[in-house]
Amino acid sequence: MFTPLGLFKAIACPEGKECELVTCVFSHKGNTKPQEPQQAPQSNLAKDGPRLQEPAQKRRKVEHNEHTGIPTVQPEMTADRRRDAEKQSHRGISHLHSVSRRISPPPAKSQLHEREEGIKANDAATPTSTAKNGPSPLRRNVPKESLNPRMLKKAPATHSVRSSILQKLHTAMSTLNGKMAGLKDNEKSSLVLSPDELIVMALDEEQKAAKETPSVYGNVVKLRIVKFQKMSLEDWGKEVLAHLNARYYKLEAPKPAQPAKTFTTGMEEDEEIAISRMLRTELKGKEKFGYITSIPSQEEIEKAKSGIEAAQGWEKCDRCAGRFQVFPGRREDGTLATGGRCTYHPGKIIRPVRKATDHITGQADAYFPCCNEPVGTSAGCTKADHHVFKVSEAKRLAAVLQFEETPTHNDGKGPRKPVTFDCEMAYTTLGMELVRLTALSWPGGEMLVDVLVKPLGEILDLNSRYSGIFPEHYANAIPYGSPVPESTPAKEKGDPMRVVDSPAAARALLFEFLDPDTPLIGHAIDNDLNAARIIHPTIIDTVLLYPHPRGLPIRYSLKHLTKLHLERDIQMSGDKGHDSKEDALATGDLVRHKVVEKAKVIKRAGWTFKHHT
């Protein structure tokens, strides 16, 4: 029995003197109940002198219930209680309610398994949607948060002020959400937020104002509340859709196309070229990171060819890591590769940056930007007709097409201007091959070479998502050096591209503008040089010019560097792929940005430019 609270002391016990309970909650006035010994009053030691202290009570016996495992404390057994216990043992305890009551046995393991399977089946039957135009009300990973301002390192106002503003903001949003729910429109039902989602949206809105505009935080949020109060349901639907896409689907709102900003240094061209030679990248010692600095020998090539023959065409897929067999020149039945269709994620894994509030809201999961699915939940979101592979070993690359060093020109034209170039690659039965080569003069950016390239192997995948090359480009292309016809199928979209017959022909065109001491500029230039099979001693690689803090092989992307240092957006065409001309121009401007920094350093050191007359 639990300790009585005395709530029924005014009511006589129904059992009267027959009550056998040790501690009864009812009154027993007039009954002979065992009385607790009264504690002697404490006296002043100075008057009464020292008193004998009662012996310390023994520690209560603790037992464990054999059914529940919960420890129970047995009360101290006095003489009167011992006599009562003996009476009950003689009379039996079958009449007690606690004994006569039925006790349900614990469920068997099989029943627990059936319950778990039923719960999993119900969860699997719950529909989830990843539609970006109208997400389902049942969305994944909705955090459970209370309507309490999130903790910030530097709060723009006191907690009470933020709480008051947050309440009003949530109320305005709730009103609009209720109106949206009242429409009972199936097309807009996906825009009706659940209570948890509504709280998260209000918290996101308040946190955004607190972090981005702390100096005018109060005014910004109040204006936002007024805007919600006057907002139409159509505009509210757009707000909800933008919020859901940004938080749950990791989608950014489309940005209008903006003209590329022209980068200027304020320096003379010959001054920029002179400083660029000081930014040369030394490749010796970086061979393990993919930079090839010497031509493979014929013995190495023969060894690579014998290894290819022994492998009988078996390769590892560069996308899904599956094993498949490839047939250069096609198999007798016309098959290029085995293994069926390839299922993969085209986007690289994005791991969100840790935040100071992760211990409250939970750290965001790593996800694939292509479909915004968390890592480990699916094998892939994209299917391709073939598996593909990539070759990075120098001797295997040379077995397909031998490398060649930049030749020296004795034409009396003097040193050539630096060149910035970019290549696009596609997957073929021989690995990843060159399909487009673009070269610009530096620092002016004039076009030198821009050609399509017919690869040596049969095409498995043009890799259009990144290369920007589609079958129609080859269908509409004209041979390099031929005049442009008056009317072509692609004339209305601009002049068709020129095409050369092999990577070696494209390499020869580039060599016309290079000498061994001509700075050749590129981003992750090892990939471009290996695709074109070029050994060039004087290069400037923006990957090494702007190194990652953790060093190679980790590299910053060209898109990131361009946005960070040039405030320019590139590679914004989505599935249309990259434009090698745009990438080459951005790479050249990144070098010019570094030239400006270098010029400031050498001028402070007392260097001056001496112009030749």
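## Salt bridges

A salt bridge here is a side-chain nitrogen of Lys or Arg within 4 Å of a carboxyl oxygen of Asp or Glu. The model is predicted: local features need pLDDT of at least 70, side-chain atom pairs count only at pLDDT 80 or more, and totals for chains, interfaces and linings use all residues. Residues are numbered from 1 along each chain as its sequence is written, and side-chain values use heavy atoms, leaving out hydrogens and water.

The salt-bridge count comes to 23. Aspartate 526 pairs with arginine 555, with the closest N and O atoms 3.1 Å apart. This pair links distant parts of the chain, 29 residues apart: aspartate 526 sits in helix H16 (residues 525–532), arginine 555 in the loop between helix H17 (542–545) and H18. Helices (H or I, at least four residues) and strands (E, at least two) are DSSP runs, numbered from the N terminus.

## Burial of the partners

Buried means under 20% relative accessible area, exposed over 50%, and partly exposed in between (1.4 Å probe, protein chains only). Aspartate 526 is buried at 4%. Arginine 555 is partly exposed at 25%.

A second salt bridge joins aspartate 579 and arginine 436, closest N and O atoms 3.6 Å apart. Aspartate 579 lies in the loop between helix H18 (558–566) and helix H19 (580–604) and arginine 436 in strand E9 (residues 431–441), so the pair ties together parts 143 residues apart in sequence. Arginine 436 is buried at 9%, whereas aspartate 579 is partly exposed at 33%.

## Glutamate 206

Glutamate 206 belongs to helix H6 (residues 195–212). Its relative accessibility is 1%, which counts as buried.
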